[in-house]
Amino acid sequence: VPKHRGFINLEYQTKNLKWSYDLTMELFGTQRLAKVLLPNGTMSQKNTGEVVPMLSAQITYHLKNFDIYLGGENILDRRLKNPIIDVKNPFSRYFDATRVYSSIFGVNVYVGFRLMLPQKEKHKVDMHGMGM
């Protein structure tokens, strides 16, 4: 668990309500990592994770009954280098994945749409259970 964590979300929508922009920045502070046995037989020396910033954004175009959006996650392309110890030997006694504390994937870009289905109006009920 990070010692400190920060989160900022900025959103803007145009006056005509056709476009919206969303930007999210997360910051994960340092955290303790377990000591592990390395393939050379020694114990790990660096047992503190780095500070990790993560940036995501999305642009949405709003139409009458649906939205079209384009977004990206981990835009800064921050990822751990070699987070799994002895990754080539998953059944060895040295294999260890406990040091994966942040993204191991690069930038993720996505596109999609959101369909708004009409909702039926709910009837109000009075205290005697009869519709109003």
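This is a predicted model: local features need pLDDT of at least 70, side-chain atom pairs count only at pLDDT 80 or more; totals for chains, interfaces and linings use all residues.
Residues are numbered from 1 along each chain as its sequence is written, and side-chain values rest on heavy atoms, with hydrogens and water left out.

Five strands form an open sheet in the order E1-E2-E3-E4-E5, with antiparallel pairing. At its edges stand E1 (5–13) and E5, each with a single partner strand, so one side of each is left without a neighbour in the sheet. On average, neighbouring strands are turned by 15° against each other, direction ignored. Here strands (E, at least two residues) are DSSP runs numbered from the N terminus, as are helices (H or I, at least four residues), and two strands pair if DSSP finds at least two bridges between them. The angle is taken between axes, which are lines fitted to C-alpha atoms (for helices, over the stretch in contact), with angles running from 0 to 180 degrees between N-to-C directions. As a reminder, strands of a sheet pair through backbone hydrogen bonds, either parallel or antiparallel.

The pairings of E3 can be followed residue by residue. E2 and E3 run antiparallel and are joined by ten bridges. Within this pair, Met25 has Leu55 of E3 as its bridge partner, and Glu26 stands opposite Met54 in E3. On to the next pair: six bridges join E3 to E4, again antiparallel, and Ile59 is partnered by Leu70 in E4.

Salt bridges come next. Five of them are found in a search of the whole structure, a salt bridge being a side-chain nitrogen of Lys or Arg within 4 Å of a carboxyl oxygen of Asp or Glu. One joins the side chains of Arg78 and Glu50, at 3.7 Å from N to O. Arg78 lies in the loop between strand E4 (66–73) and strand E5 (108–115), and Glu50 in the loop between E2 and E3, so the pair ties together parts that are 28 residues apart in sequence. Arg78 is partly exposed at 31% relative accessible area, and Glu50 is partly exposed at 42%; the cut-offs are under 20% for buried, over 50% for exposed and in between for partly exposed (1.4 Å probe, protein chains only). Both residues also belong to a salt-bridge network with Lys46.

A second salt bridge sits in the sheet itself. The closest N and O atoms of Asp67 and Arg114 are 3.4 Å apart. Asp67 belongs to strand E4 and Arg114 to strand E5, so this pair ties together parts that are 47 residues apart in sequence. Asp67 is buried at 7% relative accessible area, whereas Arg114 is partly exposed at 35%. Arg79 and Asp77 form another salt bridge, with the closest N and O atoms 3.1 Å apart. Arg79 is partly exposed at 41%, and Asp77 is likewise partly exposed at 33%.

The surface also carries a nonpolar patch of about 670 Å², made by Leu63, Phe66, Ile68, Phe113, Leu115, Met116 and Leu117. Patches consist of residues with over 30% relative accessible area and no salt bridge, like charges being joined within 9 Å and nonpolar side chains (Val, Leu, Ile, Met, Phe, Trp, Tyr) within 5 Å. Areas come from the Shrake-Rupley method with a 1.4 Å probe, and for residues only the protein chains shown count as cover. E4 and E5 each supply at least two residues of this patch. Leu117 lies in the segment after E5 and is exposed at 65%.

Gln31, in the loop between strand E2 (19–28) and strand E3 (52–62), is buried at 10% relative accessible area. Beyond residues up to four places away in sequence, Gln31 touches Val1, Pro2, Asn47, Thr48, Gly49 and Tyr101, contact meaning heavy atoms within 4.5 Å. Leu17, in the loop between E1 and E2, has a positive phi of about 60° although it is not a glycine, and counts as exposed at 52%. Asn82, in the loop between E4 and E5, has a positive phi near 55° and is exposed at 71%.
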